[in-house]
Amino acid sequence: MGRLFRTRGWSAPLLARRHDFNPGCFSRNVLEETYSQRPLKGKESSNFSQGRSRSDYEGIQFTAVVQKHDGLFKGILGHRSLMSVEGSRSRHFQVGLDRLQSEQTRKFSAEASSDESREVMEYDVVIVGGGPAGLGAAIRLKQLCQEKGSDLSVCVVEKAPEVGAHILSGNVYEPRALSELFPDWKEQDAPVKVPVTADKFWYLTEKRAIPLPSPFNNQGNYVISLSQLVRWLGAKAEELGVEVYPGFAASEVLYENDRVVGIATNDMGIAKDGSKKSIFQRGIELKGRLTFFGEGCRGSLSETILKKYQLREQVQAQHQTYALGIKEVWEVEESKHIPGYVLHTVGYPLDYRTYGGTFLYHMDNRQVAIGLVVALDYKNPYLSPYEEYQRFKQHPSIRPMLEGGKVIQYGARTLNEGGFQSIPKTAFPGGALLGDSAGFLNVPKIKGSHTALKSGMVAAEAAFEALGKSEQPSMEAYWTALQKSWVWQELKSVRNIRPAFHYGLLPGMTHAALDHYLLRGKIPFTLRHGPSDHKCTEPASKHRPISYAKPDGVISFDLLTSLYRSSTNHEHDQPPHLRLRDPQIPESVNLPKYAGPESRYCPARVYEYVTDENDKMKLNINAQNCLHCKACDIKDPTQNIQWTVPEGGGGPGYTVM
Ligand SMILES: Cc1cc2nc3c(=O)[nH]c(=O)nc-3n(C[C@H](O)[C@H](O)[C@H](O)COP(=O)(O)OP(=O)(O)OC[C@H]3O[C@@H](n4cnc5c(N)ncnc54)[C@H](O)[C@@H]3O)c2cc1C
Ligand code: SF4
């Protein structure tokens with residue numbers, strides 16, 4: 001039998017040292033407890049049973065999920081430990097997938113390790129992505145099971161080392177969907193505590209801030225950390241019996257007869273050169289009667305599904321368009337902190353042809369979320385979203401708000417901007433697309449967490465009905481129900497606001513004001529988007545380089561300092577997850593024609609042009625810095641970069657984003 005225990009990244013050795021941890025022993029204990037002393041609860045038939053067990057081993061909480069099939073046992077062991085890092089902060093670490101073995105299964109395991117076939121776990125519903133959309137679907141499914149007295153097995157795989165650690169958002173939160181899911185969310189202590197108290201909107205010139213009426217209507221909304229709300233949702237899902245597996249990256253869609261039948265997680269322990277390391281472990285297949293993809297914006301598997309089933313073409317949807325958000329969370333001086341204060345700006349530092357804006361939201365605990373969103377259809381390849389953000393913070397109206405404070409966290413993530421025009425068909429044989437994977441973000445509001453949650457709930461309701469009717473259920477009812485839901489109405493009513501900005505900032509703002517105050521989305525036509533974002537980048541010869549000021553280390557920072565604050569961590573010795581379709585393109589096209597734009601739009605300095613031993617410029621890819629924002633997958637001018645999932649558990653470690 002191979003290794004009983006596998007760990008990820010740097011957390012595992014620490015964990016082992018601090019707890020004098022013997023993984024092999026731990027596994028056997030779990031096995032004996034789970035298999036021998038407790039009956040399996042859950043699905044049962046004469047030759048199949050499935051159950052889960054929560055327990056505590058020397059202060060380490062773990063969940064074991066076990067399937068017994070024709071007398072053989074298979075299982076997943078997930079466990080976390082609350083531990084302190086460098087004596088100051090606490091973090092949870094999810095540390096492992098374990099292939100479990102009991103006395104009865106020794107034979108099975110020996111066979112499995114020799115032929116290297118993948119283990120298969122079966123569920124009613126497999127959900128990829130533990131964001132608002134995926135968790136909303138999982139929770140609603142289990143709520144329906146409770147209401148109707150039935151049982152469905154539901155699992156969620158999440159690539160982050162813990163639920164919420166890859167979630168980055170503004171976030172001013174509209175609680176409509178949350179109130180539908182948990183009418184008593186306040187009593188249940190949801191981390192949604194700071195009501196919006198001021199809603200400001202400024203037009204910035206280089207030196208001045210001109211207040212305008214706010215178009216955002218944030219009354220009744222809350223300033224939150226979405227990363228924290230998602231952690232809370234993850235705990236609620238587990239309480240209801242959902243099997244949540246952080247640290248597992250879904251890397252492959254499984255098909256049978258043209259129907260999606262689940263996903264596979266990637267193999268772990270493969271070295272950069274493709275050889276197997278001593279800790280090699282085959283991925284597992286998670287098969288579902290239905291599979292949902294809630295991977296967020298530009299989901300890597302969702303994109304393959306969109307293409308395979310031509311989900312846009314089926315409903316004549318336009319292509320998706322995107323923006324990149326760069327964000328920090330600051331801790332500011334007490335005297336400058338106004339809980340619930342919300343500010344949006346347009347104008348400086350972006351030029352009038354570049355769509356975007358900034359946000360500044362006061363959370364609790366003196367924390368302020370501040371960020372810049374830049375539409376990725378910008379033309380000038382010399383533009384650096386990261387540097388534009390540094391410029392914004394130096395504006396005379398913004399800088400004083402931050403002075404005396406310190407940065408707690410940094411990160412970046414793309415968001416959908418296509419809106420209503422770009423919604424693809426969301427149902428396909430064997431499953432559905434949820435949330436930002438389908439593109440439900442309301443662009444003028446910059447809000448998508450409420451629509452993501454709602455789309456997951458609508459999908460769950462359709463799935464619950466369908467699973468009761470057929471062994472191979474259809475999700476067509478989800479597509480129909482979605483079109484009758486408030487998500488559809490909301491996105492339809494604002495469909496023309498973003499495309500109007502193709503005519504420039506002032507025409508766009510004039511149209512937005514008319515639409516918002518007078519027409520209220522009732523214009524009887526729908527504006528089209530411009531070309532896809534990657535096609536909008538113009539040759540460098542048409543533009544002049546932008547000169548950005550050096551960071552002062554007080555308000556503005558160099559990129560590596562910022563990156564450190566994202567807690568990004570990847571196993572270094574693994575195959576590159578950023579793949580070049582043609583390795584020559586960076587040097588033959590991107591550099592001479594576009595002046596190497598990937599070295600500027602990437603908010604983590606993953607792409608760097610360096611001189612090689614022959615004095616030629618060559619692209620160096622520092623994949624371990626990747627923040628999983630997906631900007632390169634979207635903006636590369638020739639679509640030569642493909643973002644794929646790295647080993648599960650790698651990536652940023654957000655806690656307050
Ligand atoms: C800068 C910025 C500001 C924003 N401001 C606001 C705001 O103020 N209010 C608001 O409501 N919304 C805001 N949004 C939008 C909001 O964050 C999204 O609409 C929302 O998070 C979408 O939820 P989701 O569940 O679809 O996807 P996500 O929240 O992105 O969650 C997807 C999850 O799936 C996981 N995942 C992805 N692929 C895989 C895989 N292959 N295997 C396993 N796991 C995977 C990811 O790690 C992630 O945890 C903002 C977004 C950004 C970027
Ligand atoms: S490599 Fe791509 S996905 Fe990763 S941080 Fe850079 S732009 Fe974002």
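Student: Which element provides the largest share of the lining of the second largest pocket?

Tutor: In this predicted model, that share comes from α7, which contributes five residues. Two or more residues also come from each of β13 (250-256) and β28 (641-643), with α7 itself spanning 300-308.

Student: What makes a residue part of that lining, and which residues lie nearest the centre of the second largest pocket?

Tutor: A lining residue has an atom within 4 Å of a pocket point. The second largest pocket has 33 such residues, and Ser-251, Arg-579, Gln-642, Thr-644 and Val-645 lie nearest its centre. The space in this pocket is about 650 Å³.

Student: How does the lining of the second largest pocket divide by class?

Tutor: It has ten nonpolar, eleven polar and twelve charged residues. Asp, Glu, Lys and Arg count as charged, so Arg-579, one of the residues nearest the centre, belongs to the charged class.

Student: What is the volume of the largest pocket, and which residues are closest to its centre?

Tutor: The volume is about 1,000 Å³. Of its 41 lining residues, Pro-215, Pro-444, Lys-445, Ile-497 and His-516 are closest to the centre. Elements giving two or more residues to this lining are β19 (341-347), β20 (356-362), α14 and α16 (505-519). The greatest contribution, seven residues, is that of α16. By class, the lining of the largest pocket holds 21 nonpolar, 13 polar and seven charged residues.

Student: Why are Tyr-478, Trp-479 and Leu-482 called the buried residues of α13?

Tutor: The term requires a relative accessible area under 20%. In helix α13 (residues 476-484), the buried residues are Tyr-478, Trp-479 and Leu-482, and therefore each of these three falls under that cut-off.

Student: How do you know on which side of α13 they lie?

Tutor: Their arc around the axis is only 100°, and so they are placed on the same side of α13. The elements covering them include β23 (427-428), β24 (431-433), α12 (449-469) and α14 (486-493).

Student: Which residues of α19 are buried, and why are they assigned to the same side?

Tutor: In helix α19 (residues 585-594), they are Ile-585, Pro-586, Asn-590 and Tyr-594. They span an arc of only 80° around the axis, which puts them on the same side of α19. Among the elements that cover them are β25 (578-580), α20 (598-601), β26 (607-611) and β27 (617-621).

Student: What backbone feature is found just after α19?

Tutor: Ala-595 adopts a positive phi of about 60° there.

Conventions:
Residues are numbered from 1 along each chain as its sequence is written. Chains are lettered from A and ligands numbered from 1 in the order in which they are written. This is a predicted model: local features need pLDDT of at least 70, side-chain atom pairs count only at pLDDT 80 or more; totals for chains, interfaces and linings use all residues. Side-chain values use heavy atoms; hydrogens and water are left out. Buried means under 20% relative accessible area, exposed over 50%, partly exposed in between (1.4 Å probe, protein chains only). Helices (H or I, at least four residues) and strands (E, at least two) are DSSP runs, numbered from the N terminus. The arc is that of the directions from the helix axis to the C-beta atoms. Contact means heavy atoms within 4.5 Å. On a 1 Å grid over the protein atoms alone, a cavity is a set of points where a 1.4 Å probe fits but cannot get out, and a pocket is an open set with protein on both sides within 12 Å along at least five of seven lines; lining residues have an atom within 4 Å of a point. Grid points are joined across faces, edges and corners, and a volume is the space filled by probe spheres set on the points.
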